[in-house]
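Q: I would like to learn how to read a structural model, starting with the whole chain and then going to details. Can we take it step by step?

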Amino acid sequence: MAATLQINGKAVQVKAAPETPLLWVLRDELSMTGSKYGCGVGQCGACTVLADGQPIRSCSTPISALGTAKITTIEGLGGDHPVQQAWIRHDVPQCGYCQSGQIMGAVALLAQKPKPTDDDISSAMDGNICRCGSYQRIRAAIKDAAGLPQVASSPPPLQAPSAPASAAKI
Ligand code: FES
Ligand code: FES
(Lines give C-alpha, C1' and ligand atoms only; values in the text may rest on other atoms or scores of the structure.)
(Ligands and ions follow the chains in the order given, each with its own letter.)
Protein backbone atom coordinates (compact mmCIF):
# COMPACT_ATOMS: atom_id res chain seq x y z
CA MET A 1 0.00 0.00 0.00
CA ALA A 2 1.48 3.34 -1.04
CA ALA A 3 1.58 6.33 1.25
CA THR A 4 2.33 9.94 0.55
CA LEU A 5 4.77 11.71 2.83
CA GLN A 6 5.70 15.38 2.88
CA ILE A 7 9.49 15.42 2.89
CA ASN A 8 11.67 18.50 2.48
CA GLY A 9 8.92 20.43 0.75
CA LYS A 10 7.83 17.70 -1.66
CA ALA A 11 5.03 15.14 -1.65
CA VAL A 12 6.75 11.77 -1.92
CA GLN A 13 5.04 8.44 -2.68
CA VAL A 14 6.49 5.51 -0.74
CA LYS A 15 5.72 1.80 -0.94
CA ALA A 16 6.65 0.81 2.61
CA ALA A 17 4.08 -0.77 4.92
CA PRO A 18 2.40 1.65 7.35
CA GLU A 19 4.24 0.26 10.37
CA THR A 20 7.65 0.84 8.77
CA PRO A 21 9.76 3.30 10.75
CA LEU A 22 10.41 6.55 8.92
CA LEU A 23 14.18 6.03 9.15
CA TRP A 24 13.96 2.86 7.04
CA VAL A 25 11.90 4.67 4.41
CA LEU A 26 14.33 7.58 4.29
CA ARG A 27 17.45 5.45 4.04
CA ASP A 28 16.36 2.33 2.17
CA GLU A 29 13.54 3.48 -0.07
CA LEU A 30 14.47 7.11 -0.70
CA SER A 31 18.28 6.78 -0.42
CA MET A 32 18.42 9.72 1.97
CA THR A 33 21.19 8.45 4.18
CA GLY A 34 21.98 11.61 6.14
CA SER A 35 19.81 10.43 9.04
CA LYS A 36 21.69 7.69 10.87
CA TYR A 37 20.77 4.45 12.56
CA GLY A 38 22.30 4.43 16.03
CA CYS A 39 20.34 2.55 18.66
CA GLY A 40 17.09 1.92 16.81
CA VAL A 41 15.04 2.38 19.97
CA GLY A 42 14.71 6.13 20.34
CA GLN A 43 17.56 6.55 22.80
CA CYS A 44 20.47 8.17 20.97
CA GLY A 45 19.13 10.85 18.61
CA ALA A 46 21.25 9.88 15.57
CA CYS A 47 18.07 9.47 13.48
CA THR A 48 16.49 12.80 14.47
CA VAL A 49 14.41 14.60 11.84
CA LEU A 50 11.78 17.31 12.21
CA ALA A 51 8.02 16.80 11.93
CA ASP A 52 6.31 20.18 11.66
CA GLY A 53 9.41 21.65 13.25
CA GLN A 54 9.51 19.28 16.23
CA PRO A 55 12.39 16.84 16.59
CA ILE A 56 11.31 13.21 16.33
CA ARG A 57 13.23 9.92 16.41
CA SER A 58 12.67 8.53 12.94
CA CYS A 59 13.85 5.05 14.00
CA SER A 60 10.82 4.64 16.21
CA THR A 61 8.18 6.62 14.33
CA PRO A 62 6.07 4.53 11.94
CA ILE A 63 5.11 6.35 8.78
CA SER A 64 1.44 5.73 9.65
CA ALA A 65 1.89 8.16 12.56
CA LEU A 66 3.03 11.04 10.37
CA GLY A 67 -0.24 12.03 8.72
CA THR A 68 0.34 15.26 6.83
CA ALA A 69 3.28 16.36 8.98
CA LYS A 70 5.96 18.22 7.09
CA ILE A 71 9.17 16.23 7.51
CA THR A 72 12.53 17.96 7.32
CA THR A 73 15.70 15.90 7.15
CA ILE A 74 19.33 16.98 7.16
CA GLU A 75 19.20 16.89 3.35
CA GLY A 76 16.44 19.49 3.49
CA LEU A 77 18.68 22.06 5.18
CA GLY A 78 20.70 22.37 2.01
CA GLY A 79 24.16 22.98 3.47
CA ASP A 80 23.94 26.76 3.83
CA HIS A 81 21.71 26.72 6.88
CA PRO A 82 23.11 28.99 9.63
CA VAL A 83 23.37 26.03 12.02
CA GLN A 84 25.36 24.02 9.49
CA GLN A 85 27.62 26.99 8.87
CA ALA A 86 28.21 27.41 12.61
CA TRP A 87 29.01 23.68 12.82
CA ILE A 88 31.67 24.16 10.17
CA ARG A 89 33.16 27.24 11.87
CA HIS A 90 33.49 25.35 15.15
CA ASP A 91 34.72 22.16 13.49
CA VAL A 92 32.15 20.28 15.54
CA PRO A 93 32.11 16.74 14.09
CA GLN A 94 34.68 14.15 15.08
CA CYS A 95 33.56 10.82 13.60
CA GLY A 96 30.40 12.62 12.49
CA TYR A 97 27.96 9.80 13.07
CA CYS A 98 25.70 11.65 15.51
CA GLN A 99 25.96 15.03 13.86
CA SER A 100 22.98 15.14 11.52
CA GLY A 101 20.80 14.34 14.51
CA GLN A 102 22.59 16.96 16.59
CA ILE A 103 22.09 19.59 13.89
CA MET A 104 18.40 18.79 13.51
CA GLY A 105 17.99 19.09 17.28
CA ALA A 106 19.75 22.45 17.23
CA VAL A 107 17.64 23.69 14.31
CA ALA A 108 14.46 22.84 16.22
CA LEU A 109 15.77 24.53 19.37
CA LEU A 110 16.70 27.76 17.63
CA ALA A 111 13.39 27.90 15.77
CA GLN A 112 11.62 27.81 19.12
CA LYS A 113 14.15 29.81 21.14
CA PRO A 114 16.32 32.04 18.96
CA LYS A 115 18.39 33.11 22.01
CA PRO A 116 18.61 29.98 24.15
CA THR A 117 20.16 29.95 27.59
CA ASP A 118 22.71 27.32 28.55
CA ASP A 119 19.93 25.47 30.33
CA ASP A 120 17.75 25.63 27.21
CA ILE A 121 20.59 24.14 25.18
CA SER A 122 21.22 21.43 27.76
CA SER A 123 17.61 20.35 27.98
CA ALA A 124 16.95 20.49 24.22
CA MET A 125 20.09 18.56 23.30
CA ASP A 126 20.03 16.17 26.23
CA GLY A 127 18.84 13.12 24.28
CA ASN A 128 21.38 13.44 21.47
CA ILE A 129 24.33 11.29 22.39
CA CYS A 130 27.83 11.83 20.98
CA ARG A 131 30.24 8.99 21.65
CA CYS A 132 33.09 11.28 20.57
CA GLY A 133 32.22 13.84 23.23
CA SER A 134 31.78 16.85 20.97
CA TYR A 135 29.34 18.45 23.40
CA GLN A 136 31.36 21.60 24.08
CA ARG A 137 31.72 22.36 20.39
CA ILE A 138 28.04 21.66 19.82
CA ARG A 139 27.18 24.19 22.52
CA ALA A 140 29.59 26.73 21.06
CA ALA A 141 28.15 26.29 17.57
CA ILE A 142 24.58 26.70 18.80
CA LYS A 143 25.55 29.94 20.55
CA ASP A 144 27.34 31.11 17.43
CA ALA A 145 24.31 30.36 15.24
CA ALA A 146 22.17 32.27 17.75
CA GLY A 147 24.55 35.23 17.79
CA LEU A 148 25.21 34.75 21.49
CA PRO A 149 28.57 35.42 23.18
CA GLN A 150 30.70 32.43 23.95
CA VAL A 151 31.64 31.69 27.52
CA ALA A 152 35.37 31.08 28.03
CA SER A 153 36.00 27.37 27.75
CA SER A 154 39.17 27.57 29.84
CA PRO A 155 39.83 29.50 33.01
CA PRO A 156 41.54 32.89 32.72
CA PRO A 157 45.37 32.74 32.83
CA LEU A 158 46.98 32.62 36.24
CA GLN A 159 48.61 35.84 37.38
CA ALA A 160 51.70 36.03 39.53
CA PRO A 161 50.74 37.13 43.03
CA SER A 162 51.96 40.61 43.94
CA ALA A 163 54.94 40.64 46.27
CA PRO A 164 54.15 41.26 49.93
CA ALA A 165 55.16 44.71 51.13
CA SER A 166 57.87 43.30 53.42
CA ALA A 167 59.49 41.34 50.60
CA ALA A 168 59.93 44.49 48.54
CA LYS A 169 62.49 45.76 51.08
CA ILE A 170 64.67 42.66 51.08
S1 FES B 1 18.71 5.51 16.10
FE2 FES B 1 16.92 6.59 16.59
S3 FES B 1 17.24 7.33 18.61
FE4 FES B 1 18.95 6.04 18.18
S1 FES C 1 31.02 13.02 16.44
FE2 FES C 1 31.31 10.90 16.75
S3 FES C 1 29.49 10.25 17.75
FE4 FES C 1 29.34 12.40 17.70
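Q: What percentage of the 170 residues in the chain do buried residues make up?
A: This is a predicted model. Buried residues make up 38% of the chain. The accessible surface comes to about 9,700 Å², with 56% of that belonging to carbon and sulfur atoms.

Q: How many helices and strands does the chain have?
A: There are six helices and five strands. Read from the N terminus, the order is β-β-α-β-β-β-α-α-α-α-α.

Q: Where is T20 found, and between which elements?
A: T20 lies in the loop that links β2 (10-14) and α1 (22-29).

Q: Is T20 buried or exposed?
A: The cut-off for buried is under 20% relative accessible area. T20 has 17%, so T20 is buried.

Q: Which residues is T20 in contact with, leaving aside neighbours within four places in sequence?
A: They are V25, T61, P62 and I63.

Q: How are two packed helices described?
A: The description uses the angle between their axes and the distance between the axes. Take α5 (residues 118-125) and α6 (residues 135-146): their axes come within 11 Å and cross at roughly 120°. The two helices are therefore oblique to each other. The crossing of α5 past α6 is right-handed.

Q: Which residues of α5 and α6 meet?
A: From α5 they are D118, I121, S122 and M125, and these meet I138, R139, I142 and K143 in α6.

Note on methods
Residues numbered from 1 in each chain as written. Chains lettered and ligands numbered in written order. Predicted model: local features only at pLDDT ≥ 70, side-chain atom pairs only at ≥ 80, totals over all residues. Heavy atoms only, no water. Helix = DSSP H or I, 4+ residues; strand = E, 2+ residues; numbered from the N terminus. Buried < 20%, exposed > 50% of the residue type's maximum accessible area, 1.4 Å probe, protein only. Contact = heavy atoms within 4.5 Å. Areas by Shrake-Rupley, 256 points an atom, 1.4 Å probe, with all protein chains shown as cover. Axes fitted to C-alpha atoms, helices over the stretch in contact; angles between N-to-C directions. Parallel < 35°, antiparallel > 145°, perpendicular 65-115°, else oblique. Left-handed = near helix turned anticlockwise from the far one by under 90°.
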